[in-house]
Amino acid sequence: MSAPRIVRACAAALGVSCVAVAALWLPACGGDETKPPVTAANANDAGPPATVGQGNAAAVPIEHANMSGAAKDAYDRGYKAFQSGDLLGARQAFTDATRKDSNSAPSHYALGTVLDRLGDAAGAQQEYRAAFTAKPDYEPAIGAYALSLATGGHTGEADTFLTDKQQKFPNSAAITTYLAEVKSRAGNSGDAQRLAQAALAMNPDFKPAMVVIAHDHYRARRIELANYALTAILDGFGELSPARDKDNPDAHLLRGLIEKELGLRAAAMADFDAARAKRTDMVEALIQSGVMKLEAGNMLEATPLLENAVHYAPNSPLAHLNLGDAYRLGGRVADAKKEFDTALAMDSSLAVAHYDLGLLYLFSPSFPGASASDQIATAIRELGTYKTMRGGHGTPGSNDDIDELLTRANAKQAEQKASTASAAPAAPPPAAAGNANPSAGDAGAKK
C-alpha cells in the first residue's frame, strides 16, 4: 500500500482528518526497518506487548449477571484475591464459583485468565471453552481462547477458530478485532488493518480496535503512524477530535515502549505509570516502570513494582529476571540468585540471566556457601556463558561491557592467586644428610 493510501486508511479507521495524518507521514516509515535490539540491561524491549499470556493476560472482570448467590460470593472472593496479586487464592475461589454454577461464563473466563497467568495454558483454554459453551456469544472468552492459542505458537489454529466465530457473529466488533490481532501477530498487517477498520465500522467507538491498529503499525515498524493512532486515542486533536480513551492502559503502555525506544524517558515513565494506575495487574507496565527506576538508581521504588510483576506473572522469566536485578542492587544476594535461577529454569535461552549472575558473583562482598576463589571462578564462568550465548560481537547498538567485565574478573582471580601464594608458609629447610630418617619423620607426622 502506498504512503498516501496508508494515511487515508489510518484516518478513516480512527475517524480523524487525513491532513493531520499526512503531517506525520515520513518516507522512512516502511515495514522493513530494523527492530529495536534486545539489550543486556532489559530484555523486555523486543516487541509490543501481548494481550493474553506472557504476564499480560486480561484483567478479571467484575461480573455478576445471571450468577447464583453462592457462585457470586465465591466470585467476589476470587476477584478480591486477584486484585491483591494472590493468584492461587483467586484460582481456588473461581474454581469454587464454577462448581457452584457450572453455566456461569464469567466464572469460567475469570478462572481461565488466572490459569493463563500461572502458566497452565491447557487449563486456561479449557475454561475459556467452557465459558463460550455456556454462553456461545461470550466475546471475552472467545478472544482469550484464540489469543492463548496464538501465544502458544498456534496462530493458524487461532485464525481458523476466529474466522468461524466471525461467520457466526458477523456483527461482533470484538470478535473481528480479535481476528485482526491474530492476523497482526502472524505478520499479515494488511488484513489486520482491514479487519480493525471493519470493527470500527460496526462500532466507531470500539477502543480495542483502535489499539490493534496502533499495535499493528508498531509491529510493522510504522512508528509515526503508531504514534498518530495513539495520540488519537489518548490525547485527541483539539475540540473537533477529542481523545477517544485518554486512560486506555494498553495505549499508554504501547506509547511508553515507543517513547523509551526513542530515548524519551520521562514521557515513557509517565505513560507506564498511567498504564499501571488503570491496570494494577499489567505486568509489562510494572516491569518497564521497575526497570527504568533501577536504571535511575531508585532501587527502593523499583523493588515493590517488580515484586508485584512476579505476583501477577509467576510464570514469566522476565519478571523473575528483573526482580533478581533489583535484589542484586539491593544487596540481597541469596534472593537475587534464587530469582535468576528461576528465570533460567523457565527459559534456559535467557542469556542475560547469566550476565546478571556474573555481576552478582563478581561484585558481591561475599557469597553464602562459596569461598572467595569459588565466587570469582563462578563469576568468570557465568560471564563467559553469557558471551558465548550472545555471540562474538554482541547486539548492534547495545552497551555491552562483557569484555571489560571478564578482564576485571580475571584480574581479580590473578590477584587472589598471588595473595594466596604470598601468604603460604615457607617450606622448611632440607634436613642434614646425617640426620635423614624417613621413618622417624613419618612417625612424628602421625603423632
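Me: Is Asp96 buried or exposed?
Reply: Quick caveat: this is a predicted model, where local features need pLDDT of at least 70, side-chain atom pairs count only at pLDDT 80 or more, and totals for chains, interfaces and linings use all residues. Residues are numbered from 1 along each chain as its sequence is written, and side-chain values use heavy atoms, with hydrogens and water left out. Buried means under 20% relative accessible area, exposed over 50% and partly exposed in between, using a 1.4 Å probe and protein chains only. Asp96 has a relative accessible area of 17%, so Asp96 is buried.

Me: Which residue forms a salt bridge with Asp96?
Reply: A salt bridge here is a side-chain nitrogen of Lys or Arg within 4 Å of a carboxyl oxygen of Asp or Glu. For Asp96, the closest N and O atoms of the pair are 3.5 Å apart.

Me: What about Arg117, which residue does it form a salt bridge with?
Reply: Arg117 counts as buried, at 3% relative accessibility. The closest N and O atoms of its pair sit 2.6 Å apart.

Me: How many salt bridges does the rule give?
Reply: Some are linked in a network, formed by Asp235, Arg255, Glu259 and Asp271. By the rule, the count of salt bridges comes to 25.
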